[in-house]
Protein chains: 2
Amino acid sequence: MKVSTPLAERFPDAVFAAGCPSRTVLDHVMSKWGLLVLLSLGDGEPLRWSELRRRAEGVSEKMLAQTLRTLVADGFVLRDARPVVPPHVEYSLTPRGLELAALLNPLMVWVVDNAPEILEDAASA
Amino acid sequence: MKVSTPLAERFPDAVFAAGCPSRTVLDHVMSKWGLLVLLSLGDGEPLRWSELRRRAEGVSEKMLAQTLRTLVADGFVLRDARPVVPPHVEYSLTPRGLELAALLNPLMVWVVDNAPEILEDAASA
DNA sequence: AGTGGGTACTAACCAACGGGAAGTATGCCG
DNA sequence: CGGCATACTTCCCGTTGGTTAGTACCCACT
């Protein structure tokens with residue numbers, strides 16, 4: 001009983017190779033904070049540093065800086081720094097980031113819908 | 001410019017709360033090995049321990065055991081152990097696991113399709 | 001004139017988590 | 001009787017992430 005098998009066609013040997021470039025991208029994107037940042041930016045509105053800190057509740061400043069740096073390097077996020085004082089920096093999704101966020105969104109919706117039930121099962125196990 | 005906003009409706013304050021149950025589920029499911037195991041099982045076929053080790057290339061035995069334990073506790077994976085010698089254990093997705101895998105699949109497809117280009121950008125940055 | 005505060009980070013330290021290799025239980029087969 | 005096969009568990013150590021503090025800059029207030 002198959003659900004949808006485009007993956008199986010791409011991986012004829014059914015193995016996710018260790019050296020595959022997707023591993024690196026997966027690590028960046030599916031990381032705890034990377035996911036939350038992408039989702040926070042997901043509605044397309046640019047956000048500032050402090051706003052991101054508030055949305056991804058619990059993120060440390062170090063982790064936010066690090067996460068943003070890799071997301072910018074990967075071309076998911078655009079960093080727009082205005083040379084004013086006090087500093088004003090806006091972060092927004094690139095087209096590539098928007099594509100990814102569109103995939104992440106339904107997943108997050110499913111997780112928040114099912115999380116309580118799942119944790120209940122886990123607790124009683 | 002919005003892509004799809006069911007999430008915004010569920011989070012009126014646009015904040016992903018630190019204590020939200022979804023955080024725990026996200027940590028389990030989006031973890032490096034959790035993701036690969038779910039995807040490996042994604043075609044619905046039950047797999048044995050050694051087969052999972054081969055598909056999620058690079059996973060250590062310790063991490064595979066740990067990952068499977070949390071996925072079973074969360075009700076994503078079914079563990080079917082036959083009391084024979086040598087031991088024979090089969091892992092398969094529960095209906096809940098199948099739902100999740102169906103969401104994870106398109107994401108993984110996108111990532112493998114775009115990973116080379118993304119890493120190229122990251123390298124030249 | 002000085003001092004405190006807000007913004008966007010960086011640096012140093014430390015605990016915790018993940019990875020590697022080896023050990024364990026059980027029975028069959030040579 | 002000893003090695004092998006499967007499915008794990010245990011121990012040790014390195015990397016990773018978290019916490020706290022510090023930096024640079026200028027404005028506003030006293």
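Mentor: Begin with the cut-off: a residue is near a strand if one of its heavy atoms lies within 4 Å of it. Keep in mind that this is a predicted model.

Trainee: Which residues come nearest to DNA strand C?

Mentor: There are 17 residues around DNA strand C, and those that come nearest are Glu61(A), Arg79(A), Tyr91(A), Lys62(B) and Met63(B).

Trainee: What lies close to the phosphate oxygens of DNA strand C?

Mentor: A polar contact is a pair of N or O atoms within 3.5 Å. In the side chain of Trp33(B), an N or O atom is 3.0 Å from a phosphate oxygen. For the side chain of Gln66(B), the distance is 3.4 Å. Val89(A) uses a backbone N or O atom, 3.4 Å from a phosphate oxygen.

Trainee: Which elements give two or more residues to this surface?

Mentor: Chain A supplies helix H4 (49–55), helix H5 (61–73) and strand S3, and chain B supplies helix H5 (61–73). The largest share, four residues, comes from H5(B).

Trainee: How is S3 of chain A paired?

Mentor: S3 (residues 88–93) pairs with S2(A) in the antiparallel sense over six bridges. Within that pairing, Arg79(A) has Tyr91(A) as its bridge partner. The open sheet has the order S1-S3-S2, with S1 (47–48) and S2 (77–82) as its edge strands.

Technical notes
Residues numbered from 1 in each chain as written. Chains lettered and ligands numbered in written order. Predicted model: local features only at pLDDT ≥ 70, side-chain atom pairs only at ≥ 80, totals over all residues. Heavy atoms only, no water. Pairing = 2+ DSSP bridges. Polar contact = N/O pair within 3.5 Å; in protein donor to acceptor, adjacent residues only side chain to side chain.
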